Amino acid sequence: MSTQQAEPDTQEAPEDPAMKGAESPAAEKQKGGDMVDERDESQAEFDGETVHIKVFRYDPEVAEKQEPRFDDFHVPFEKGMTVLDSVMYARDEYDSSLTFRHSCRQAVCGSDAFFVNGKQRLGCKTQISDLEQPIRIEPLPHQEVVKDLVVDMDHFYDQMHAVEPYFKSEDTPDASKLEEQRQSRENREKVKMSTRCIWCASCMSSCNIAAGDNEYLGPAAINKAYKFAMDDREEEDIKEHRLRILEQEHGVWRCQTQFSCTEVCPKDIPLTEHIQELKREAVKKNLKFW
């Protein structure tokens with residue numbers, strides 16, 4: 001694996017030998033050929049070209065890399081290329097020290113969340129052709145950077161576990177009388193979207209409240225609590241216990257309904273809506289009529 005230096009901003013993209021002698025789509029269009037579909041024309045702009053990406057770099061263990069910077073890479077474009085594909089190519093072909101997390105490459109594991117062109121996105125889900133160049137790739141904001149695009153996720157995981165995201169019972173049932181806990185179709189539909197969370201932390205990174213309040217549970221953790229609190233298999237006393245966790249000072253009431261978490265969620269979970277519904281549940285629990 002080579003570790004050649006990244007090309008500077010001023011250097012032109014290398015010419016593709018396969019494109020020599022071929023006329024551009026614009027030239028063919030001027031010849032009076034058939035009208036070119038806008039999408040095809042946009043795609044043609046990339047064919048045989050390179051993509052310019054600017055990747056955030058930082059390594060606290062190497063003296064000359066302790067000052068944060070951006071490295072420029074010109075990556076050969078291929079149809080269907082994602083942001084994750086581009087940084088993988090840069091690592092494999094230009095600089096093997098480039099560090100980032102990735103695993104399934106199918107928008108399921110949530111490990112490759114980056115800050116791309118000013119927005120939280122999954123690297124494996126984001127198409128290069130949908131972005132303006134140069135493409136700026138940074139680690140998730142509001143989290144400590146470990147190295148390059150890798151951030152410390154410990155605090156995020158602590159907040160997720162703080163809502164006790166699992167079923168539990170006060171009484172241990174008789175093993176001989178154990179029965180399957182069935183869920184109604186209607187209730188399954190109600191909590192279905194909340195189960196899509198892949199723990200990518202994009203929502204937490206986008207939340208201005210979480211950025212200023214380190215104790216705030218955050219949208220991902222509250223959404224996880226929603227899944228259990230709204231599940232009709234949850235015992236009533238356990239649901240009340242969970243709501244007490246959520247209605248604390250740094251719980252649902254810290255949300256200011258900015259919708260930033262909903263906008264960046266790669267799984268389209270209505271996070272803000274779930275938080276507001278839990279607020280209503282907390283109010284109803286404390287209402288007394290006498």
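At 36% relative accessibility, Arg136 counts as partly exposed, a label for values between buried (under 20% relative accessible area) and exposed (over 50%), using a 1.4 Å probe and protein chains only. Its partner in a salt bridge is Glu138, with the closest N and O atoms 3.2 Å apart; Glu138, at 17%, is buried. The model is predicted, so local features need pLDDT of at least 70 and side-chain atom pairs count only at pLDDT 80 or more, while totals for chains, interfaces and linings use all residues. Residues are numbered from 1 along each chain as its sequence is written, and side-chain values use heavy atoms, leaving out hydrogens and water.

Side chains of opposite charge can pair when their charged atoms come close. Here a salt bridge is a side-chain nitrogen of Lys or Arg within 4 Å of a carboxyl oxygen of Asp or Glu, and the count comes to 17. One of them joins Arg105 and Asp85 at 2.4 Å, N to O. This pair links distant parts of the chain, 20 residues apart: Arg105 lies in the loop between α3 and β3, and Asp85 in helix α3. Helices (H or I, at least four residues) and strands (E, at least two) are DSSP runs, numbered from the N terminus. Salt bridges also link Arg57, Arg69, Asp71, Asp95 and Asp148 in a network.

Turning to helix α4 (residues 154–162), its buried residues are Phe156, Gln159 and Met160. Seen down the helix axis, they fall within an arc of 100 degrees, so they line one face of α4; the arc is taken from the directions from the axis to the C-beta atoms. These buried residues pack against α6 and α8, where contact means heavy atoms within 4.5 Å.
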